Structures are given as C-alpha cells and as structure tokens.
Amino acid sequence: MKKKALKKMVATVVLYIVVIVAAVLLFNKFLYAPMKVVGDSMNPSLSDNDILLVSKLAYEKGDPQRYDMVAFSYKYDIHTWYVKRVIGLPGETVEIKNNVIYIDSQELKEYYGIYDEDKKTLDDYGPYTLRSDEYFVLGDNRDHSSDSRSGDVGPVTRDLFIGRAAFRLWPFHAIGSLKYQ
C-alpha cells in the first residue's frame, strides 16, 4: 500500500510541476516577458538593473503611441533588447535643431528628456521622414543613450517591437505600473 501511495504522490508532484512550467512558459510567450534594464539611458524613469515585465499584447490591436516606453530587439542581434521612448510616429518628419526636437516642423513639448547640466546639447539630426513602419525612439537620458539618433540603432521598424514596458518588478521600492512613467 505504501508503494502505491508513494507513486501517486510522485505522479501528483510531477503533474503540478509540469502544469506550473507550462503556465510560466505560456505567460512568457504570449502575455508578458521579463526584461532587465542594462545601463542608464532611461534615467530617471528606469535605472540600471531594473527588472520589467513587457506586455506582448499591448500592440496586438493598436499601435505604439508617442511617449510609450517600448521594448524592441536590436536589429543586429534579436536576443538583445532595448527599452526607449517613442518620440516620432510613422510618416512623421523628425528633426533636432539647436537642442529642440521638431515633429513635422512643430516643436515637441515633452518632459521626459533629461540632459547633463554641463552639456545640455543634442546633436543636430535630420530632417528624417519615417517610413510607414518606422518609429523614432530616444532614451530619456539623452546624453547617454544609443537610440534612433545613432546609425547603430536608427529608426526602429514595427516588426522589431516586443511590446510596451508595463510593470517594474525590481527594485522592490519602485515596484509598480509604468503606465505613467
């Protein structure tokens, strides 16, 4: 009788483990993916070593909006993910001139970007008209960010988007939604 009970208990534990692993894998594949922030390009909104959940469903029925924090794959290595803020939308013309960002010749009113006190400069950029599948993204820490201004990253095509940075899991004192970040 003991062997039969032991086998039943082992089978139950194995079944629970399989169900939990399957649930985690499905959650990760279809709903949310974890992401670790590397570097300070998104300070003060996000910091080095923050751990986020990226909503993979965020753009299933809609498109990224200006100021969304998006996670995307680096075009030369899809296993490397970046998180940046959407500044320019498809079809818009982006230009940076004399430290001011212009979208379709209109000054962009935004409060996300920060600059070094001693530098306070953005290199001139553009004008560049985004294609129908391109987005212009910038890090919030403008003087310390590889983003759409650099040839290495450039405008990001829609197919490289993983999702919207939705929730911070770490550090514990900053846990919470990133909706208003």
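This is a predicted model: local features need pLDDT of at least 70, side-chain atom pairs count only at pLDDT 80 or more; totals for chains, interfaces and linings use all residues.
Reader: What volume does the largest pocket have?
Author: The volume of the largest pocket is about 200 Å³, and 14 residues line it, of which V38, S41, W81, Y82 and V83 are the closest to its centre. Here a pocket, on a 1 Å grid over the protein atoms alone, is an open set of points where a 1.4 Å probe fits, with protein on both sides within 12 Å along at least five of seven lines, and lining residues have an atom within 4 Å of a point. The volume is the space filled by probe spheres set on the points, which are joined across faces, edges and corners.

Reader: Which strand gives the most to that lining?
Author: That is β4, with 5 residues, and both β1 (32-36) and β4 (77-88) supply at least two. Strands are DSSP runs of E with at least two residues, and helices are runs of H or I with at least four, numbered from the N terminus.

Reader: Ok, new topic: where is M9 found?
Author: M9 is found in helix α1, residues 2-31.

Reader: And the sheet, in what order do its strands come?
Author: The open sheet has 4 strands in the order β7-β6-β5-β8, with antiparallel pairing, where two strands pair if DSSP finds at least two bridges between them. Because β7 (106-107) and β8 (125-129) stand at the edges with a single partner strand each, one side of each is left without a neighbour in the sheet. Within the sheet, β5 (residues 93-97) and β6 (residues 100-103) are joined by 4 bridges, and E95 stands opposite Y102 in β6.

Reader: How many salt bridges are there?
Author: The count comes to 9, taking a salt bridge as a side-chain nitrogen of Lys or Arg within 4 Å of a carboxyl oxygen of Asp or Glu. One of them joins D140 and R85, whose closest N and O atoms are 2.8 Å apart. D140 lies in the loop between β9 (134-138) and β10 (156-157) and R85 in strand β4, so the pair ties together parts that are 55 residues apart in sequence.

Reader: Last one: which residues does a cis peptide bond join?
Author: One joins N43 and P44, with omega about 5°, and P44 lies in the loop between β1 and β2 (51-55). The peptide bond from W170 to P171 is also cis, with omega near 5°.

Note on methods. Residues are numbered from 1 along each chain as its sequence is written. Side-chain values use heavy atoms; hydrogens and water are left out.
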